[in-house]
Structure formats: structure tokens, C-alpha cells
Amino acid sequence: MAPPHSGGPDAAAGEAVAAPVDQQQQQRPISSILIIIAMQTEATPLVNKFQLKEDLDAVFPKGAPWVRYYGTYKDLQINLVWPGKDSTLGVDCVGTVSAALVAYAAVQALKPDLIINAGTAGGFKAKGAGVGDVYLISGVAFHDRRIPIPVFDLYGVGSRKPCSTPNIVKDLNLKIGKLSTGDSLDMSPQDEASITANDAAVKDMEGAAVAYVAEMLQVPTIFIKAVTDIVDGDKPTTEEFLKNLAAVTIALDESVTQVVDYIDGKCLCEL
Ligand code: ADE
């Protein structure tokens, strides 16, 4: 049988599947996790919480702005990476390009058992989202890669599933919903139609790009996204995002800590 997303029947049907994980990998205790976060504001509280140290002899190529923190927390080796600041403009390198690059480089260098992509997101009140809600993501896709040619259309949407975590779903009190990813903070009418088609409760600027790399390198991945702004609400997105960023980051980091505590001492098949 063709492996998932190898261009075989699953891919042709556009059906999202999770990155393949072999039996041995499923049953080994998880020892190394990689947390990928886009913004420094989101990363700093977790660096402090897990008492991570900055890696000054970077595992990343010279010149790359990417930043790695590392340490041991309970029985887990934790690496946390963020794409750093744009060297010219000095702002966080948000978006799919930096997310995919840093994910690729970090997985190659660090060989994690599991990736957690954590971050903030816009939420849709029509799907039940409110500011401060934290979502465990049940499916990811892109909403701004429109290629209206058969099969390329499915490639553009790039639907993927996170690794299966039925026990996290059952035992932790997180909302469950789908994530749609694009490179803009705002939402064009075309994006809106794609987000609706993706059945997304939240939208971000990195998730589906991380999922693409994780699938390519066969690393199981989960996505935790906290809502800073309501996309289908009446407040301007940028204002609401900036106003809520610090407070929502606290909620995000509490949930990431809960998930990391849950993972500690378990195998993938127990999640
Ligand atoms: N991150 C936080 N809010 C967002 C939004 N509205 N769109 C994309 N990414 C976000």
C-alpha cells in the first residue's frame, strides 16, 4: 500500500491523514519534545516555566535568526525554538516561511519524538470560539493557496491531521477544533470562503506549514492555539490582538504546561 501523502489514493482523494508513525515509535516513552512558537512574547513565559537555557553555540546555520532554548523538565528533554527577529525590521519572523524553515532545521538537528506547535490564533464566534479559549487542534489546512487546477487544488489546501491524542482530548479541558493557516493577519473574502470550507474554528499563520514539515520528516505533531481575537466579531483584529496578546499568552502557556505534564512518562500510544 502506498504510504499516506505519497501521491497514492489518500492524497488523490484529498483526505487528511496524520504523519505515519511506526509501532516501535508508538510504544517507546516520549523523551524529547520540540516546542515551536512564532513570537517571543509567546515563548518567554514557557522558557521561564521550564527553566530553559538559550543555546549560544547554535545548532542552526550562522546568520539564521532562529533561537533555541533547551533543558530537562521532569523526564523530558525540551527544546523550544522560535524563528527570531527579522534582521532588518526587528520584528518576530511570523508566518509560514519562517515556521517551515525553523521546523525543518530543528527537526534535523534535534530529532524530537514529538512536536508541539503552540501559538495564538484568531477565533470564529460562529464556531463557538471566545477570547482566551485554548484549542487542541483536530485538523489543519491552508486558506491562501488557491490553485484551481485538479489535484493542485488539494495540494494548495494541504489538509493534514495532528497525531491522534484521544486521551488528551478526554482528560484535559481543551476546546477541540480545526485550524486554518495563511500568511495574513487579516482575512480577505477569498480567505473567508476557504476557511469556511476548511471548517476552521481558529486561524493562524504557521500551523499548516509546521504540519507539512512534520509529515515530511515523519514527526508526530500536536497543535495548541489560544484565541486573541474574534475574526467574525465587531472589533478590529489588530487592536484586539495587541490588547489581548499578553493575557492570552498566559492561558496558552498554562495549557502547554498541562499538555507537557500529561506527556511526561507516556508513549505516543497513551496520548
Ligand atoms: N494570530 C492571532 N490572531 C490571528 C488572526 N486573526 N489571524 C492569524 N493569526 C492570528
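Ala, Val, Leu, Ile, Met, Phe, Trp, Tyr, Cys and Pro count as nonpolar, Asp, Glu, Lys and Arg as charged, and the others, Gly among them, as polar.

## Basis of the report

The structure is a predicted model, in which local features need pLDDT of at least 70 and side-chain atom pairs count only at pLDDT 80 or more, while totals for chains, interfaces and linings use all residues. Residues are numbered from 1 along each chain as its sequence is written. Helices (H or I, at least four residues) and strands (E, at least two) are DSSP runs, numbered from the N terminus.

A residue is near a molecule if its C-beta atom, placed from the backbone, lies within 6 Å of it. The residues around the ligand are Thr-120, Ala-121, Gly-122, Leu-185, Lys-203, Asp-204, Met-205, Thr-228, Asp-229, Val-231, Thr-237 and Phe-241. Two or more residues each are given to this shell by β5 (114–123), β8, β9 (221–230) and α9. The largest share, three residues, comes from β5. By type, the shell around the ligand divides into five nonpolar, four polar and three charged residues.

## Helices α3 and α9

The axes of helix α3 (residues 40–49) and helix α9 (residues 237–263) come within 9 Å and cross at roughly 45°. Axes are lines fitted to C-alpha atoms, for helices over the stretch in contact, and angles run from 0 to 180 degrees between N-to-C directions. α3 and α9 are therefore oblique to each other; angles under 35 degrees count as roughly parallel, over 145 as roughly antiparallel, 65 to 115 as roughly perpendicular and the rest as oblique.

## Helix α8

A residue is buried if 20 or more other C-beta atoms lie within 10 Å of its own, exposed if 12 or fewer, and partly exposed in between, with C-beta atoms placed from the backbone. In helix α8 (residues 207–216), nine of the ten residues are buried, so the helix is largely enclosed by the rest of the structure. Among the buried residues of α8 are Gly-207, Tyr-212 and Glu-215. Gln-218, which follows α8, has a positive phi, near 60°.

## Positive phi in two loops

Most residues other than glycine have a negative phi. Lys-74, although not a glycine, has a positive phi of about 50°. Lys-74 is placed in the loop between β3 (67–73) and β4 (76–82), and this residue is exposed, with 11 other C-beta atoms within 10 Å.

Asp-199 is likewise not a glycine, and its phi is positive, about 60°. The loop between α7 (189–197) and β8 (200–204) holds Asp-199, which counts as partly exposed, with 13 C-beta neighbours inside 10 Å.
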